[in-house]
Amino acid sequence: MEYNRKSIRHRILVALIAIFLIIYMIPIYWIVATSIKPKTEIFSIPPKFVFVPTLEHYRNLFVDKDTGKLTPYPGQLMNSVIVGFLSTFFSVLLGTLAGYAFSRFRIKGKNDWLFFILSTRMLPPIVVVIPVFLMYRWVSMHTPFQLIDTRTGLILLYTAFNVSFAVWLMKGFIEEIPRDYEEAAMVDGYTRFQAFYKVVLPQAVTGIAATAVFCLITAWNEFAFALVLTTQNARTAPPSIANMLGTGGLDWGRIAAGTVVFLLPVAIFTFLVRNHLLRGVTFGAIRR
């Protein structure tokens with residue numbers, strides 16, 4: 001009887017998970033289907049679920065059908081890759097170092113500093129985009145550093161916004177690593193940095209991977225700063241996808257194709273670090 005109850009609960013749980021998974025996958029299916037539908041069938045009512053797929057929208061995404069030249073989208077996608085991954089690298093690097101300091105050392109006013117770091121994420125980007133634009137314009141006019149419409153400007157900005165998130169996440173992960181490991185390493189003659197590099201970092205790989213995924217998703221999807229602070233040279237994919245126009249308005253087929261291509265780098269990165277995202281496997285095995 002007890003076995004039957006467990007079996008029924010298990011089947012109900014699997015059914016609920018399957019239902020939620022289907023609901024979650026519907027928008028992704030719709031985007032992918034729209035990207036390979038012929039133009040005449042994108043707006044068909046009722047929607048057609050059986051159709052002859054076409055790669056026309058993907059060709060138009062990368063090659064201008066009138067001139068035969070490359071469209072700006074490949075360069076904009078590359079800007080997203082460079083800005084997203086570099087800002088994620090710097091955010092995780094600074095967040096790991098700061099999180100280690102906050103978790104291991106006595107810092108005067110530590111709680112105040114942590115609250116100040118967190119407070120930088122309390123305002124949405126749309127609120128601060130104008131002040132940031134004015135600051136960037138002043139720096140570009142009065143110094144040799146050009147920050148408007150440059151990858152450097154976006155990397156600095158995304159790093160500044162993500163580092164607070166990285167600090168809090170990495171502080172929590174590092175605090176779960178017993179100090180006994182470092183103390184034992186330093187007793188054996190390791191310096192503090194060597195103990196951090198050879199003992200703490202390998203144990204914190206799971207936290208670093210999780211932090212990197214969240215920081216990359218935030219930088220990858222950011223729209224407001226990329227729209228206001230870039231025009232042509234450093235324009236990233238999100239604002240360019242929203243502005244894709246056709247002869248009769250928005251080219252929904254090309255927008256869908258651009259969205260599918262835009263999803264791939266983050267999906268691939270998350271897939272590659274999927275094993276490290278199982279936080280309990282590593283941290284659950286650590287005991288004092």
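1. Basis. The model is predicted, so local features need pLDDT of at least 70 and side-chain atom pairs count only at pLDDT 80 or more, while totals for chains, interfaces and linings use all residues. Residues are numbered from 1 along each chain as its sequence is written, and side-chain values use heavy atoms, with hydrogens and water left out.

2. Helix 6 against helix 7. Helices are DSSP runs (H or I, at least four residues) numbered from the N terminus. Helix 6 (residues 125-142) and helix 7 (residues 151-175) have axes that come within 13 Å and cross at roughly 135°. Axes are lines fitted to C-alpha atoms over the stretch in contact, and angles run from 0 to 180 degrees between N-to-C directions. Helix 6 is therefore oblique to helix 7; angles under 35 degrees count as roughly parallel, over 145 as roughly antiparallel, 65 to 115 as roughly perpendicular and the rest as oblique. The contact (heavy atoms within 4.5 Å) is made by Val128, Val132 and Tyr136 of helix 6 with Gly153, Leu156, Leu157 and Phe161 of helix 7. By class it has 6 nonpolar, 1 polar and no charged residues. Here Ala, Val, Leu, Ile, Met, Phe, Trp, Tyr, Cys and Pro count as nonpolar, Asp, Glu, Lys and Arg as charged, and the others, Gly among them, as polar.

3. Helix 7 against helix 10. These two helices pack at about 155°, with axes 10 Å apart, which means that helix 7 is roughly antiparallel to helix 10. From helix 7 the contact includes Tyr158, Phe165 and Phe173, and from helix 10 it includes Ile208, Phe214 and Cys215. The residues of this contact divide into 11 nonpolar, 4 polar and no charged.

4. Nonpolar cores. A nonpolar core is a set of buried Ala, Val, Leu, Ile, Met, Phe, Trp, Tyr and Cys residues joined through side-chain atoms within 4.5 Å. The largest has 21 residues, and Tyr73, Leu77, Ile241 and Phe262 have the most contacts inside it. Two or more residues come from each of helix 3 (56-62), helix 4 (73-104), helix 10 (205-221), helix 12 (237-242) and helix 13 (252-272). Helix 13 gives the most, with 7 residues. Apart from this core lies another, of 16 residues, among them Val83, Val128, Leu147 and Phe225.

5. Tyr73. Leaving aside neighbours within four places in sequence, Tyr73 is in contact with Leu61, Phe62, Ala237, Ser240, Ile241, Met244, Gly258, Val261 and Phe262.

6. Thr159. This residue is found in helix 7 and is buried, with a relative accessible area of 8%. Buried means under 20% relative accessible area, exposed over 50% and partly exposed in between (1.4 Å probe, protein chains only). Not counting residues up to four places away in sequence, Thr159 touches Ser87, Phe90, Ser91 and Leu94.

7. Lys39. Lys39 is found in helix 2 (residues 39-42) and is partly exposed, at a relative accessible area of 36%. With residues up to four places away not counted, Lys39 touches Glu56, His57, Lys65 and Asp251. Lys39 and Asp251 are 212 residues apart along the chain, and their C-alpha atoms are separated by 9.1 Å.

8. Backbone points to check. The peptide bond from Ile45 to Pro46 is cis, with omega near -5°; Pro46 lies in the loop between helix 2 and helix 3. Asp149, in the loop between helix 6 and helix 7, has a positive phi of about 60° although it is not a glycine. Asp149 is buried, with a relative accessible area of 12%.
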